[in-house]
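Me: Hi! Could you walk me through this one? I'd like to hear about pockets, then helix packing.

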Amino acid sequence: MASRKSRPERRQEPLSRERIVTAAVELLDTVGEGGLTFRALAERLATGPGAIYWHVTGKTELLLAAIDAVIAPTLAGDDTGKTPQEAIRALALGVFDAIDAHPWVGATLARLPRTPGKSPMLRVFERIGRQVQALRVPEAAQFTAASALLSYILGVAGQNAANTLAARANTDRAAFLDAVAAAWRELDPDQYPFTRDVAGQLREHDDRAEFLAGIDLILAGITAGRADGRTRP
């Protein structure tokens with residue numbers, strides 16, 4: 001009697017949007033955005049691609065939901081008892097660490113179409129804006145201040161994640177920074193005097209500490225402008 005072919009084990013838990021998004025994040029962490037297909041996702045969830053479409057309409061919606069799931073824990077903190085500066089620093093560092101742990105987030109955000117009202121960063125922008133208001137920044141300058149902070153956070157966090165991926169692909173971080181610092185020291189001293197001077201600092205710098213130092217510089221500018229009336233829209 002011919003034996004029956006074994007079939008893949010079917011899922012036991014009901015399929016839900018939350019399960020789909022969680023599986024998508026796992027795939028993105030493992031194989032990156034290029035490896036996230038509905039077929040691969042269906043195999044991971046032991047279901048058919050058609051069942052997934054009941055919960056998400058396409059890859060763009062899925063990517064937005066995955067980014068939102070990664071960023072959401074950074075928004076769960078309580079700002080009670082913190083100064084506006086402390087709250088912004090904590091939020092900024094949370095986003096930085098989330099993107100560092102999930103390097104695909106930065107590059108994916110840059111490629112996704114801008115859909116009004118659906119950006120995963122809208123809640124981050126809202127939290128930053130509330131603290132900007134708490135700093136008593138003039139109303140006409142609040143959008144600029146909050147936008148500058150969000151742009152810095154996403155830009156630096158995204159670049160750090162890209163650098164991390166590049167370092168992993170080649171060698172360990174220390175060796176990678178040593179190689180870059182050595183290349184900087186060999187630059188033309190007339191064209192790159194500053195870059196040559198800070199080559200040693202590149203080798204020894206801490207990414208998170210440098211990131212927070214940049215946040216502090218922006219906050220210092222915002223509060224200084226508020227104090228002497230020079231804050232502009």
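Reply: Happy to. This is a predicted model, and its largest pocket holds about 590 Å³ of space.

Me: Nice. How many residues line the largest pocket, and which lie nearest its centre?

Reply: The lining of the largest pocket has 20 residues, and L109, R114, S119, M121 and L154 are the ones nearest the centre.

Me: Which helices each supply at least two residues of that lining?

Reply: Those are α6 (104–111), α7 (122–134) and α8 (139–170). The largest share is from α8, which gives five residues.

Me: And how does the lining divide into nonpolar, polar and charged?

Reply: Twelve of the lining residues are nonpolar, six are polar and two are charged.

Me: OK, switching to packing. At what angle do α4 and α6 cross?

Reply: The axes of α4 (residues 59–71) and α6 cross at roughly 140° and come within 11 Å.

Me: What about α5 and α7, how far apart are their axes?

Reply: The axes of α5 (residues 84–101) and α7 are 9 Å apart, and the packing angle is about 160°. That makes the pair roughly antiparallel. Here α5 passes α7 in a left-handed crossing.

Me: One more pair: how does α1 pack with α4?

Reply: α1 (residues 17–31) packs against α4 at an angle of about 85°, with the axes 9 Å apart. The two helices are therefore roughly perpendicular.

Me: And which residues meet between α1 and α4?

Reply: R17, I20, V21, A24, V25 and L28 from α1 meet E61, L62, L63, A65, A66, A69 and V70 from α4. Eleven residues of this contact are nonpolar and two are charged, with no polar ones. Within α4, L63, A66 and V70 meet α1, and L63, A66 and V70 also take part in the contact with α6.

Me: Great, thanks, that's what I was after!

Technical notes:
Residues numbered from 1 in each chain as written. Predicted model: local features only at pLDDT ≥ 70, side-chain atom pairs only at ≥ 80, totals over all residues. Heavy atoms only, no water. 1 Å grid on protein atoms, 1.4 Å probe; cavity = no way out; pocket = protein on both sides within 12 Å on 5 of 7 lines; lining within 4 Å. Points joined across faces, edges and corners; volume = space filled by probe spheres on them. Helix = DSSP H or I, 4+ residues; strand = E, 2+ residues; numbered from the N terminus. Nonpolar A, V, L, I, M, F, W, Y, C, P; charged D, E, K, R; others polar. Axes fitted to C-alpha atoms, helices over the stretch in contact; angles between N-to-C directions. Contact = heavy atoms within 4.5 Å. Parallel < 35°, antiparallel > 145°, perpendicular 65-115°, else oblique. Left-handed = near helix turned anticlockwise from the far one by under 90°.
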